[in-house]
Amino acid sequence: MPSPETLVALPGRSERAGSAKTSPVRDLLALTERPEVISFAGGLPAPELFDLDGIRASFDEALGAPAVLQYSTSEGNPALREIVAGQYTANGLPTDAGDLIITTGSQQGLGLLSTALLDPGDVILVEEPCYLAALQTFALAGARVVGVPYLGDELDLDALDALASAHAPKFFYTVPTFQNPTGRTHGLAARQRIADAAIRHGFRIIEDEPYRQLRYSGDPLPSLATFAPDHVLSLGSFSKVIAPGLRIGWVRTTADIRPTVTIAKQAADLHTSTIDQAAAAHYLASGRSDAALAQIRAAYADRRDAMVDALATALPAGSSWNSPDGGMFVWARLPEGMDATAALPHVLRHDVAFVPGAPFYAGPADARAMRLSFTTYAPDRIREGIARLGMGLAGVA
Ligand SMILES: Cc1ncc(COP(=O)(O)O)c(C=O)c1O
């Protein structure tokens, strides 16, 4: 046994790992597990709306053949890929099953695309603010992340152009529909301009679309890939429309990087659970998923309305908030001089939680911003929670 003086220090963690921030959303969720806490912090779908019977029946059907418990191909279940391809095609973006790789949640898709596209030091552009776990993934890949600002509720498209000229980014990461954390959506003209910028400057776009099907008002908008098919990689997920515990998402890849993404998938986990994919394919083919999604949409529309109405009386004068056409989040801003992170402990004392906006920024943050998820509770509980939020904030102001 060597003496302590002769022990050689072990190599530390990688610089890249050190640059990824822990998610304060996760840390907060741990704090808010007490049943009396009304948490608007996490982006949790409503568990009472999971179609337990339909999903159970689909697992039973899937288990009719032993192959569903066997190893399988990295690209994923052919029937499931056909169904997802059919959905894209029906929405105006012609897609073959062969364009798709099934992933273990769309979060894995983000990791696979980062592995396939990024070298340490590469610049990428993100919306500012941006989905937090995407920022973590890009930090772990060693990317230099540059934020594209918003002008009010609209992405600053001139800034996108200027930053693309200045940095020659590998890609622009966007959640174009009902963004996490802001609930914002890029309109038709903005989509066209983002796609044009990608073509002009020669960068790719990763469009991350887990909320696309959660629309409660307004008309559906085309995928960015319809405007620039060779430049756009699209991510999708069943987490918000069936259940996140399934862990099924997908990447719609362009032909040039498909083999690289497939190798990244092999190296990551060989393939996504065969039984889960088969059950999802049966469930979607049964038609029950359509009825369940219609119920989810109707319930979430009521919950959004309940939250937006309640905010009008609860937030301090001078606050602002949006009313998104879909998704899971309202983005609110406290009045000048207030700081959402500093307000959180006051609010937690009233057994209610939200996520401050600051961690969602790659660069300088808007300290007044906060994200409120409206999907987890029924309208009465939302009203109760927002009233408590108002009381907590009144104690700060
Ligand atoms: C924008 C965005 N992308 C990806 C994900 C990850 O979803 P999944 O459950 O499909 O991995 C989320 C989850 O909240 C998200 O908000």
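I take helices (H or I, at least four residues) and strands (E, at least two) as DSSP runs, numbered from the N terminus.

The model is predicted, and local features need pLDDT of at least 70, side-chain atom pairs count only at pLDDT 80 or more, and totals for chains, interfaces and linings use all residues. Residues are numbered from 1 along each chain as its sequence is written, and side-chain values use heavy atoms, with hydrogens and water left out.

**Entry 1: the ligand shell**

By class I found 5 nonpolar, 6 polar and 3 charged residues in the shell. Here Ala, Val, Leu, Ile, Met, Phe, Trp, Tyr, Cys and Pro count as nonpolar, Asp, Glu, Lys and Arg as charged, and the others, Gly among them, as polar.

Of the 14 residues around the ligand (a heavy atom within 4 Å), I noted S106, D208, Y211, S237 and S239 as those that come nearest.

**Entry 2: polar pairs**

For Y211 I read 2.6 Å, for S237 2.6 Å, and for S239 2.6 Å. The protein covers 91% of the 400 Å² of accessible area that the ligand has on its own (Shrake-Rupley method, 1.4 Å probe).

**Entry 3: A46**

I found A46 in the loop between β1 (38–39) and α3 (52–62). Why does A46 count as buried? Because its relative accessibility is 1%, and buried means under 20%. A46 touches Y300, R303, T375 and T376, leaving aside residues up to four places away in sequence; contact means heavy atoms within 4.5 Å.

Notes. A polar contact is a pair of N or O atoms within 3.5 Å; within protein, one must be able to donate a hydrogen and the other to accept it, and residues adjacent in sequence count only if both atoms are side-chain atoms. Buried means under 20% relative accessible area, exposed over 50%, partly exposed in between (1.4 Å probe, protein chains only).
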